[in-house]
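Please walk me through this structure.

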Amino acid sequence: YSNVTKYFSDNAKISANSTGLRLLKVGSNYQTPGDMTSSSFDTGGASNFTTITWQPTSQTFGTILKFQIATNNDNATWNFKGPDGTASSYYTVSGTTLNSVHDNDRYVRYKAFLSTTDSRKTPVLTSVIVNYVSGCYTPGQWMFPGLTAGNNYDLDVTMSGFKPLEIDNININGNQVLEVLLSP
């Protein structure tokens, strides 16, 4: 972030202060439509993005708040997409499951779109949460996603300064934990 207290950009029709994000008011009318792009968030590695939630979840009648999500692995290419995986759809219900097109990416941004059909009213946004599951594990732990139940697998464990250990014919049946202790 260049400034951790601010988002990345907006279209100059957004007002942000300590009470939240809203449309810019000029005179007695709110400007519409407005949009805001968040700063990038680095999940630390390949992640699966699960849901987007925001507050407040309901808006004043005649106002609209909707979102798109963009993810990537280069922190530079931002293609915002909605629930059908295209740029022509939007997340409109807080708590909605994110499209799997974002899975296995590292960086995420959201884009909020604010509009109103009544220039005397504005949508309000106070917080956004993009939930994800990351491949960050405790040091010394490993996960092997994608193994097929019923298949037998061989595991070779090596580490400098320790005797290698081979475990043959591990049968996978659901989620399993295997603790391997190495001898010096």
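Start with a charge and a ring. The charged end of Lys66 lies over the ring of Tyr90, 4.0 Å from the ring centre. Keep in mind that the model is predicted. A second contact of this kind involves Arg109: its charged end sits over the ring of Phe8, at 3.9 Å from the centre.

Next come rings against rings. How many aromatic pairs does the count give? The count comes to five. Take Phe49 and Tyr132. Their ring centres are 6.1 Å apart and their planes meet at 45 degrees, so the pair is tilted.

Is Phe49 buried or exposed? Phe49 has 3% relative accessibility, so it counts as buried. Tyr132 has a relative accessible area of 32% and is therefore partly exposed. The two rings also belong to a cluster: Phe41, Phe49 and Tyr132 form one aromatic group.

Now turn to the backbone. Strands of a sheet pair through backbone hydrogen bonds, in parallel or antiparallel fashion. Here, three strands make an open sheet in the order β2-β3-β11, and the pairing is antiparallel. Its edge strands are β2 (14–17) and β11 (124–125), each of which pairs on one side only. Between β2 and β3 (residues 20–23) there are four bridges, in the antiparallel sense.

Definitions and conventions: Residues numbered from 1 in each chain as written. Predicted model: local features only at pLDDT ≥ 70, side-chain atom pairs only at ≥ 80, totals over all residues. Heavy atoms only, no water. Pairing = 2+ DSSP bridges. Helix = DSSP H or I, 4+ residues; strand = E, 2+ residues; numbered from the N terminus. Phe/Tyr/Trp six-rings, centres within 6.5 Å; stacked < 30°, edge-to-face > 60°. Buried < 20%, exposed > 50% of the residue type's maximum accessible area, 1.4 Å probe, protein only. Lys NZ or Arg CZ within 6 Å of the ring centre and 35° of its normal.
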